[in-house]
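Here is a protein with a ligand, ready for a guided walk. Please open the viewer and keep the sequence at hand as you read.

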Amino acid sequence: MPGFSFAAMSELNERLTDLHARFERALEVASDERSLEAARAQYLGRSGDLAAIRRSIGRLPSDERPTAGKEINDAVAAMEELLERRRVKVASHAVEEALSRRVDVTFPAPEARLGSTHPIRHVIEDACTYFERRGFAVVLGPEVEPDYYNFDALNIPPEHPAREGFDSFWIDETLLLRPHTSPMQIRTMQNHRPPIAIIAPGKCYRRDAVDARHHFQFHQLEGLLVAEGVHFGHLKGMLAGLCRVLLGAHQSVRFRPSFFPFTEPSAEVDTTCPKCGGSATACSMCGGSGWIELGGAGMVHANVLREVGYDPQRLSGWAFGFGAERIALARYDVDDIRRFIDSDPDFLEQLA
Ligand code: FA5
């Protein structure tokens, strides 16, 4: 090997042997992952001892550098193997130690924190109780529904613009997470003969942007009454009573003309803003309107009655769909719907 300097190579070997020995000693006293990592950084790290040796290759004649580089790489491989073996040993020692530790089963455990009823559940239960006392049955239905129940049977044919407002998460071409509880109107009427009086609470899903009053997952309360001689006055009386029970006698309720393809006539039902009562132009809860929208309502459309085989000449009915979170906002004077979903026990316990 022309120009190869034995003196320089043997000095390199000496330095590597010394480094290996020091690294081995450092690993022997390292008893946990943290000290192993510290040893690795000191010897093998980017600014560690070995990196300094590697940099010194530059001072060797160029024909000696490949051999020196190989020596260094071999030394690194050997040190990494040492490190890995020590890591396995330290880890198994930690497991053994944990297993051998004695447990005092008589030691008192920290007191378990009991949960509290969620405010949304409170709203749903109180609403159901109100309707059950008036002869309504509580019914539950699937959260994944075919588009037939969500739309077609509710007088919303394909291509109808109203589908946009109920845009949800599609499972496949025809199945979706229900954007409202109104499919329960169809399911109930198809399976039971009139008179019908139901309340159907449950989760709903929509591709809505999340803000203080909207979430992609929320709860609705669906109500349906179908019998002979049912009229809008019955609906107004029943919903005004519900708002009194849920929100207190001081809350006003108003019915605003609106449109839903499955009711005619249709209305939006609002309650006075519990935060500002309509007095603040920049109210964070109602945006200054003084009202909070609770949901939609109306007289069941004749096409819907026909779809389930009922005779609209003989039967009439009303239906409504309220957002449980909106009721809870007003009921508990909370200014952001996300607080009900954040699962902060301190917040939830205050409302329990
Ligand atoms: C409906 O969902 C109709 N199915 C209601 C209905 C039923 C009308 C029966 C007539 C007869 P709407 O899209 O307006 O309507 O929703 C009703 C209520 O659900 C809203 O007023 C609101 O209180 C609540 N809601 C709707 N979207 C959200 C959301 N993203 N986050 C929280 N609450 C919501």
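The paragraphs below go from the ligand to the nonpolar cores, and then to some backbone details.

Keep in mind that this is a predicted model.

Now zoom in on some polar atoms. In the side chain of Arg206, an N or O atom is 2.8 Å from an oxygen atom of the ligand. His215 takes part through its backbone instead: one of its backbone N or O atoms lies 2.8 Å from a nitrogen atom of the ligand. Gln220 has a polar side-chain atom 3.0 Å from a ligand oxygen atom. On its own the ligand has 670 Å² of accessible area, and the protein covers 96% of that.

Next, turn to the nonpolar residues. The largest nonpolar core has 39 residues, and Phe131, Trp318, Phe320, Phe322 and Phe340 are those with the most contacts inside it. Two or more residues of this core come from each of α5 (119-132), β5 (217-227), α9 (232-247), β8 (291-300), β9 (316-323), α11 (324-332) and α12 (345-351). Another core, of 25 residues, lies apart from it; Leu176, Ile196, Val300 and Leu315 are among its members.

The backbone deserves a look too. Most peptide bonds are trans, and most residues other than glycine have a negative phi. Against that background, a cis peptide bond joins Pro194 and Pro195, with omega at about 5°. Pro195 is in the loop between α8 (183-191) and β4 (196-205). A cis peptide bond also joins Glu264 and Pro265, where omega is about 0°, and Pro265 is placed in strand β7 (residues 263-272).

As for positive phi values, Asn155 has one near 70° and lies in the loop between α6 (147-150) and α7 (162-165). Ser343 has a positive phi of about 60° and is found in the loop between α11 and α12. Is Ser343 buried or exposed? Ser343 counts as exposed because its relative accessible area is 52%, and the cut-off for exposed is over 50%.

Finally, visit Asp49 in helix α3 (residues 49-56). Asp49 and Leu19 are 30 residues apart in sequence, and their C-alpha atoms are 7.8 Å apart in space.

Note on methods
Residues numbered from 1 in each chain as written. Predicted model: local features only at pLDDT ≥ 70, side-chain atom pairs only at ≥ 80, totals over all residues. Heavy atoms only, no water. Core = buried A, V, L, I, M, F, W, Y, C linked by side-chain atoms within 4.5 Å. Buried < 20%, exposed > 50% of the residue type's maximum accessible area, 1.4 Å probe, protein only. Helix = DSSP H or I, 4+ residues; strand = E, 2+ residues; numbered from the N terminus. Polar contact = N/O pair within 3.5 Å; in protein donor to acceptor, adjacent residues only side chain to side chain. Areas by Shrake-Rupley, 256 points an atom, 1.4 Å probe, with all protein chains shown as cover.
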